[in-house]
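Hi,

Here is the structure I said I would pass on. Have a look at it first, and my notes on what turned up follow below.

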Amino acid sequence: MDSLRPSLLTAALATAAILFTGYAIQEQNQTAFRNELRLNTQSELDQISLSLKGEINRSIVAVKGIGNIFSVSPRVAEALFEQHAQKLLLQNPQLLRVSVAPQGIVSMTYPRDEWAGSNGQRLDRFANQVATLERARKKASAIVDGPVRLPSGERAFNIIVPIFTSVKDKAVFWGVMRASIGEAELYARAGLSQNDPHIRIAIRDTSVTQTLADPFFGDADIFTDSPNLVRLGLPGGVWELAAQPRKGWNQPSPDVGRIRMVTSTALVLVLGSIFVFGAILQERQRNLATLRKRDDELLTLSRRFEMALNASRIGTWEIDVNTQSGKGDARMRAMHGMTDDRYGHRIEHWLDNMHEDDRASVYKAILLSLREGIEYRAQYRVVMPSGAVRHMRGVGSIHESESGMQTLTGVCWDVTEDVLLNARLIDAKRQSDEQASELEKTMRRLELALESYECGLWEAELDTDRTFWDHRMHQLHGVPYGDGITTGDQWLYSLHPDDREPALERVNHCIANDLPYNCQSRVVLPDGTVRHVKSVGKTHVGLDGRRRLIGLSFDVTSDVELTESLKAAKAIADARNIELAIAKDSIEHNALHDPLTGLGNRRMLDEKLSRLAGERGGTLEGVAVLHIDLDRFKQINDTLGHAAGDAMLVHAASILKINSRAGDIVCRIGGDEFLVVVGDVPADGYLTAMSERIIDQMRQPVDYNGFPCRFGVSIGIARARDGSIDSQQLLVNADIALYRAKESGRNRLEFFTETLQSQIVTSKRIADEILEGIERGEFVAFYQPQFEAATHKLAGVEALIRWQHPREGLLTPDRFLKVAEEIDMMATLDRIVLERAMLDSAVWAARGLYMPKVSVNVSARRLRDGALLDTLRDMRLAPGRIAFELVESIFLDESDDVVIANIEGLKKLGIDIELDDFGTGYTSIVSLLKLKPKRLKIDRQLVTPVLGAKTEQALLRSIIDIGRSLGIETVAEGVETLTHAEMLSTLGCDLLQGYAFARPMSADSLIDFALGHQRKVA
């Protein structure tokens, strides 16, 4: 029993130790399993993170391709947008759509049919959209935004790529490219799934550090249960990815059963357990030894790398992505001429020593690498403190540490010798190529020149009397070619006998005095033909010491013949020049004079006025201009023909010359317009008397082929009373005075005054304000009701134009219609009133007011508009509800085919015709039968005195009776009192209009008035 106690105690101790060891191993295994779970989860999470980043960056690069096209030329890119977008979506199926948004407003979207509703959409409607656009514009880089839900119901991520264009060498924000990546397609391509059997993943956007957004993928609880995290840096933002095992961190290790079995076995096999435990400890020691060995190897490699950098003069540097601060080693600072450690601060300090032409490109390359993570490469120049320039090359890439810190790490080295050597080689090759090319060109030019001019080469040895001729030289002198050797005698005998002695003397003189040889002689060919040959040459001493005369000869026969021809032509040209001088004088006279009347024309007027001002020291003070226009001249042309008109113009010119002084300038400046410039006017009375004589003589009848022709004349007079008025202003003033003379009744004279100019300026101001008022919608319609004479029921309204002037308030037509007619705006104002009346009628109907008819005034010009009926058809007017009032004085007995056609067309459209101001014009009964108006509006001049004048009463009764007999209703306007209304009703008038019932009022006021009037009548 005693002997068993130690064994039992040992067994108990061993059992306790084994059980404790088994429990410890189980816990250690569980811990290792959890660590393995974390490593596996982290590995899978890292893979998914890289896949997501790769897919997004691939899409961004693809979208930037189109964005770059817009940056270069937006107009060309817009024209080719659909073609590029189609190619983009075919190559990148993860993209659902792509849009262009100039200034943040979508203008084009592809596919167009599926996303047509996106056009016109603003990308800055909401605060988050404004922030996204602002980030993209400020960073000048792509932004990933989302996910968002598209109109189709799909969820997607938007890529916002800013586009900058160059305006005057400055980058100007143009707009953005927006592309949508399908959320489901992105997750699928990145290998991300909600149903992963191993892990659960959640993703949220942490770009805004102040708040944490909810996950847009996965469950929010994943972030709260000790997940593995990865921060995914994207252009314009940061995503945080979290992952945990599908069964949680506390799931039991699959080895628990086996450990327990081993523990149970260990109770039986204690020694085996001890051996196993010892083996595990031994393995641990070996692992530690291996780690120490690797540390020693790493230190050795680090030292070798440092020695290699020192030997190769390579400097290292790194830049923090977030702070954009950097640091570099001593080699890097020395290569950049930095005597202190300034590079340990900002990037800008590094750029200080760079060549000013390279700073921008290097800074741009660094920023591009920092923002988009692409590889940095640059070559630049550094200006050393001594002034020397060194060439550097640098490369680098983005590196992320285990702590998540991102740095741009790289190296730089001196490539000055390589750059200088390369430059010297390039320059040497260029010079060699240029010299070879120039030599080749020179040889080609010489050969072409000799061939083109048929030049012959010759070389005479002065000491041996031997001469070498090439084959072209033999051809020039008509000598058969042999071995090319000739003698001086052969040369002389080929020349014309009269030229031999001069040629020989010339060549001997040049040889004796070492002068250039230049001689032209005649060569007599074997067939007797004479050829003129010119020879040039120069003496030359060869390397052998012999003197030679070398030169070339060429045929100048054509030049000699041309010279003879030119001499003959010159004689003919001299004779023709005399004729041209005579013709020139005639042309100059015709250019300054009117061929019909012989008076000066506008060109002569301008020249003489300039000369007159020059003679007076640059001023026209005391000079007057009479601007004369013939009245009723067109009728003479139309009735008797242009020959009669020409005769009247000649007659008018003679009258003007008779009544002008010798120094006055008389000109015809237009068809029937003349100008008389009077210098040194004694007084205005002189001009008045002169003008009255001209008017009186012009109105006298002129006989033309038995027909008496009568015409008048209107004269506008302007006088320069001081030196401030130039010739152009003086002519303008005379034209203004002429305009007033014709406006005042013609056949009269009018002096220009400051008051007249003020009136013209006022009319111009009103005209400008009318045009601006039309653009700003200042013209409105007022309505004056019309009533049935018998019942006083509302029968309709007349639409009257009013001007809501921004300064003067509401203006009536008498303040602006005359000017509007002068600037041809009456048709536009008529259209504005008609359109306003149609809109107001619709409003009245909606508010329960039925308006039987609306009368609208129509001007003569609009009635002559060929497109009037087409315009009215487009407005779809209700038949019988609109009446056009035609002013009697503009239509009476009208024979214009367009007017007649338009009136018939108006009737077919159901538009009634009313004849306004009836009784003040010249309408005949025949005209009424021809026009067949719906109503006659009796003018107020006949209505106002009707109470006490029997004549007017009888006249009104006659008009009403005529209307009834022709089936035409009558409307009396200007009904001032109810007594007038009673009298007109008694006379049989159908409708009444005037202040006795209502004044013109706005559309809103008319509703209240009409509804109130209906209640009274009821």
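L19 is partly exposed, since its relative accessible area comes to 45%. Keep in mind that this is a predicted model, so every value here is computed from it. L19 sits in helix 1, which covers residues 4–72. Together with L267, V268 and L269, L19 makes a nonpolar surface patch of about 380 Å².

Now for the inside. In soluble globular proteins, nonpolar side chains tend to be buried together. Here the largest nonpolar core has 70 residues, and Y783, W844, V854, F884 and L992 are those with the most contacts inside it. Helix 23 (residues 826–846) is the element that gives the most to this core, with seven residues. There is also a second, separate core of 43 residues, with L88, I181, I201 and V230 among its members.

Leaving out residues up to four places away in sequence, V854 touches V797, A799, A837, S841, W844, R881, I882 and A883. One of these, W844, is also on the list of residues with the most contacts in the largest core.

What does N857 touch, leaving aside its neighbours within four places in sequence? The contacts of N857 are E798, A799, L800, D830, E885 and D916. N857 lies in strand 30 (residues 854–858). Is N857 buried or partly exposed? It counts as partly exposed, because its relative accessibility is 25% and buried means under 20%.

On to the rings. The structure holds 16 aromatic pairs. One of them is F779 with F816: the ring centres are 5.5 Å apart and the planes stand at 65°, so this pair is edge-to-face. The pair links distant parts of the chain, 37 residues apart. F779 belongs to strand 27 (residues 779–788), while F816 is in the loop between strand 29 (809–811) and helix 22 (817–822). Both partners are under the 20% cut-off for buried, as F779 has a relative accessibility of 6% and F816 has a relative accessible area of 1%.

Elsewhere, ring pairs join F157, Y187, F216, F217 and W239 into a cluster.

Cheers

Notes: Residues numbered from 1 in each chain as written. Predicted model: local features only at pLDDT ≥ 70, side-chain atom pairs only at ≥ 80, totals over all residues. Heavy atoms only, no water. Core = buried A, V, L, I, M, F, W, Y, C linked by side-chain atoms within 4.5 Å. Buried < 20%, exposed > 50% of the residue type's maximum accessible area, 1.4 Å probe, protein only. Helix = DSSP H or I, 4+ residues; strand = E, 2+ residues; numbered from the N terminus. Contact = heavy atoms within 4.5 Å. Patch = residues over 30% accessible without salt bridge, like charges linked within 9 Å, V, L, I, M, F, W, Y side chains within 5 Å. Areas by Shrake-Rupley, 256 points an atom, 1.4 Å probe, with all protein chains shown as cover. Salt bridge = Lys/Arg side-chain N within 4 Å of Asp/Glu carboxyl O. Phe/Tyr/Trp six-rings, centres within 6.5 Å; stacked < 30°, edge-to-face > 60°.
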